[in-house]
Each structure stands twice: as structure tokens, then as C-alpha cells.
Amino acid sequence: MSVIGKYFIFLGTLFGKGEKLSVYWRRLMEECVGIGVSSIFIVAIVSTFIGAVSCIQTAYNLVSPIIPISTVALIVRDMEILELAPTITCIVLAGKVGSNIASELGTMRITEQIDALEVMGINSSSYLVLPKVVAAMLTFPMLVIFSAFLGILGGYLAGTLTGVITERDYLYGIRDSFVPYNIFFMCVKPFVFGFLIASISSFKGFFTSGGALEVGKASTQAVTNSCISILVADYLLAQLLL
Amino acid sequence: MIEINNISKAFNGKEVLKGISAQFQKGETNLIIGGSGTGKSVLLKCMIGLVKPDEGNVLYNGRDFYHCDKETQQSIRREMGVLFQGGALFDSKTVEENVRFPLDMLTTQSPEEKRERVAFCLQRVGLEQAAKRMPSEISGGMKKRVGIARAIVMNPAYLFCDEPNSGLDPLTSVKIDELIKEITEEYKITTIIITHDMNSVMEIGQNIMFLYQGNKLWEGVNTDITKTDVPELKEFLFSNKLLREMQE
């Protein structure tokens, strides 16, 4: 309980005495590149293959003659939009971005760089962490939209190239019974997950003490705790919004 | 002038500092010496506001750092320059950006003014050629000098140095000591140096305080330190065989 309390106090410090807006803007842009742009490649690879595998495995299981083959595309689309793109992508990002944030801040802590900021009278948590949290909340939804697109494209490529579904059936399937609200739901999830990943990882890194071993531990804990929080939040969001 | 009164600090019930009081004069290099684990760094952190003491106060020209409003505390912080043990340079910034950082964050100076000030500080520590290099590309001694340049860029009234010679060869150590002493005298700064380097003690120790197990056991100037009759200080000073033989 004390850790949770400390986490919320830490979140409060992010909005304490701040610096000049121009400083935050520059930091935000740096973090958007570091967190968002640098994650495009891994998100693209993971999403394309997950979409491809979803299509092949759905087709493999859907053998009933009374179910049209276009249902494969419909299932791939809904799986991507509702779960795979937001949740799996964010779990991948928890590994990449979360460990990066925790190790960066942990190293800054043990090499006294955070102390140097505090001695200058700079709100170190606000200066270092707030741009990371905002950047994650801004870029994760964009990455998830990109991921959903590539996942559905991956399903299309795998399905049509292997011959399990025709191009015509796939294109019909992904447009059939489309619920626009699901797109909204897909974007809410990474917004929340981005906040959780960036804030939890920052919290773990920010309060690291010791040496290289502790930085490694903080990084591992950041990923573990972020993944657990994503799964819990995923359930709660589904319960609340669907 | 900095005055500390009755500073005490304990961690998990273990007393690290036991009622330390002292005065550090303007324009002097004040040294806090002692063996490892005697509380030197904790005392420094209490003075610069990184660790809050359990008891006591720290006065900066009469302004109580821990019992004043936030604005006064902030203005005191802006009068401080700190050289950390490892330099504490920001890895993602060049040498020039590291030195310019306090100006970017805390002042409204024009880019030209900042450029001039950074160039002056880098020139002062003899690193104008290394301005565009990253911290990972420079030596330990250069990192310390960049740390000094960053510490003095805001024209501090108080300069704190945490073991400025640690990890440096004797020649570089002497250069760093001389640089700190020159800057202290030139700008009339109140400088406090944490060290256990005997060369520093003998070369630049204008006012020396010896800590032992969280207590202040001795205070004086470098010319008197070798005449001490405090056994713990004698043991500390003459732990080196050569110095012991010289004393005999």
C-alpha cells in the first residue's frame, strides 16, 4: 500500500512547480521521437505477423460450410481493433519503452544527474517525467492505429498469398458489420495504457538507488508492473466501455 | 557565509550526523575531511537540500534554508553551484549544452549572452576545444572540469564540491584543486569541498573540519593540522607510511 501511496504522491509532483513552456515543448518533441517514432519498426513487424497468423489460424479453425469464408476477415478485423492492436502492441511497448524509461531514469539517479537538477531548483520529476507521460499518451494511440492497419493488412497478405481466402472475400469481410464505436474504444485503450506504462516505469526508475544491478531490477519491475497494469486496465475498460 | 547549526541526521535509526555546527567563510576553500562512511557526503547533501536534516538549520548569509518560504529557498538554490563526485553531466547533451543548461532553464538571457557566458566558463576551465564533444567522449578529469564550468556558469555565491579529486591521477588532482582555489578567490565564493585527499588538505585547505563517526572532532587551518593531538585525526592523516615517516 505504501508503494501505491508513493506512486500517487509521485504523480502529484509532476504537476508541481513547472518550468518554461518552451522547455516542456522541446522535451515533449524529444520524447515523442524517442518513445513514438523509434517504436514504429517493432510495432510494424509485430502487428503484421500477428495479423497474418490470426488470419491463417482463424481460417484453419473455421471449417463449417454454413459460415462464409469472409467471416475470417471479419474476425481478424475485430480481433485487431478490439484486442490485438491495442493490448498486444502496448505490451510490446511496455517491454521496449518501459524498460528504456526505467533504465534511463535509474541511471540518471545513480549518477546524480537527477540530484544535479534538484540542486538547480528544477522540478526534476516534472522536467523529466511529465514529457514522457504526455508523449506516451499522444503517440501510443497513433501507433495502435498504425498497428491495427498493418495487422489487417498482414491478414490480407497471408490469406490471399496462401489461398485460404480470396481478395474479394477478405475485403468484403473487413467491411461487413463494422461498428465505428470500436475504433473509439481502440483509441481509448492505448491512451490509458500509455499513461500507465510511462508513469509506472518512470516511478520505478526515478526511485532507483544503488548501482547497475538495481537499475536492471528497476527495469524488470517496470516491465512486469506495466504489463500487469495493462491487463487489469484492459479488463476494466472492456467492462466499462463495451 | 554559510553557517550550520546542530545538524543531525539518522537513517533507519542509525545516527550518521550528530549535532554538527560550523561556519564557512566567504572567499575561502573550506574542507570537510574524514574517512569513508563518516557522514561527509550526507552533511553536504543536508547543506544543499538533497537530504533534509532531522535537526538543526543551515543559514546562507542569515537565511535559514529549511525554515524559509519557497521563493527564498529557490533563490538560495540559484546561488549554489555543485560539482558532483562523478561530474553528473547529462549524457544526452554535449559539453557546451551541459554548461548552458542552467542558463536555459533559469534565466531569460538572449542566445548571444548565453553563448558568451558558456564560452567564458569553458575557457576558464580550459575546455573551449571540447565544447561539441559528448560526456562519453571526454576523460574523468575533463568531466570534473565541465562540472566546475556548469557549477560557476550562474555566478554562484556558494560552491560545493563532492570529492573533486576522486578517481583522478595526482597531476590532474592538483590542477582541479588549483582551479577551485582560483575560482573561489577570484569570485569571492564560499566554497565547501568534501575530500579525503591529503594533497588537497595541504594545498588548498584554508579552513578544515574533520568528521569522525558523525562527530566534528577538529577544526582549523592546514598549517595546524599536522600538529594535532586528536588521535583519530592523527591516524587519518598519517595512515600513509611515507607521511608517517616524515612526521617521525
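Two strands pair if DSSP finds at least two bridges between them. Helices (H or I, at least four residues) and strands (E, at least two) are DSSP runs, numbered from the N terminus.

The model is predicted: local features need pLDDT of at least 70, side-chain atom pairs count only at pLDDT 80 or more, and totals for chains, interfaces and linings use all residues. Residues are numbered from 1 along each chain as its sequence is written, while chains are lettered from A and ligands numbered from 1 in the order in which they are written.

View 1. Strand β1(B) covers residues 2-11, and strand β2(B) covers residues 14-24. They pair in the antiparallel sense over 7 bridges. Glu3(B) has Gln23(B) as its bridge partner in β2(B). The two strands form a hairpin with 2 residues between them. In the turn, Asn12(B) has a positive phi of about 50°. Most residues other than glycine have a negative phi.

**View 2. The four-stranded sheet of chain B.** This open sheet runs in the order β2-β1-β4-β5, with antiparallel pairing. Its edge strands are β2(B) and β5(B), residues 63-64, each pairing on one side only. Strand β4(B), residues 55-60, joins β5(B) over 2 antiparallel bridges. Tyr60(B) finds its bridge partner, Arg63(B), in β5(B). Helix α1(B), residues 40-48, packs on the sheet and touches β1, β2 and β4 of chain B. The direction of α1(B) makes about 120° with that of β1(B). Here, touching follows the contact rule: two residues are in contact if their C-beta atoms, placed from the backbone, lie within 7 Å. Angles run from 0 to 180 degrees between N-to-C directions, and axes are lines fitted to C-alpha atoms, for helices over the stretch in contact.

**View 3. Asn61(B), between β4 and β5.** Asn61(B) sits in the loop between β4 and β5 of chain B. Phi of Asn61(B) is near 45°, a positive value in a residue other than glycine. Asn61(B) has 13 other C-beta atoms within 10 Å, so it is partly exposed. A residue is buried if 20 or more other C-beta atoms lie within 10 Å of its own, exposed if 12 or fewer, and partly exposed in between, with C-beta atoms placed from the backbone.

**View 4. The six-stranded sheet of chain B.** A second open sheet has the order β6-β7-β8-β3-β9-β10, with mixed pairing. The edge strands are β6(B) and β10(B), residues 215-220, and each pairs on one side only. Neighbouring strands of this sheet are turned by 15° against each other on average, direction ignored. β6(B) and β7(B), residues 158-162, run parallel and are joined by 4 bridges. Gly81(B) has Leu159(B) as its bridge partner in β7(B).

View 5. Ala88(B) lies in the loop between β6 and α3 of chain B. Ala88(B) has a positive phi of about 50° although it is not a glycine. With 23 other C-beta atoms within 10 Å, Ala88(B) is buried.

**View 6. Where chain B touches chain A.** The contact takes 15 residues from chain B and 12 residues from chain A. On the chain B side, α2 (70-78), β6 (80-83) and α3 (95-106) each supply at least two residues. By class, that side has 10 nonpolar, 3 polar and 2 charged residues. Ala, Val, Leu, Ile, Met, Phe, Trp, Tyr, Cys and Pro count as nonpolar, Asp, Glu, Lys and Arg as charged, and the others, Gly among them, as polar.

**View 7. Helices α4 and α7 of chain A.** Chain A has 10 helices and 0 strands. Helix α4(A), residues 70-110, packs against helix α7(A), residues 130-162, at an angle of about 135°, with their axes 8 Å apart. That angle makes α4(A) oblique to α7(A). Angles under 35 degrees count as roughly parallel, over 145 as roughly antiparallel, 65 to 115 as roughly perpendicular and the rest as oblique. The residues of this contact divide into 17 nonpolar, 5 polar and 3 charged.

View 8. Val63(A) is found in the loop between α3 (40-61) and α4 of chain A. Val63(A) is exposed, because 7 other C-beta atoms lie within 10 Å.
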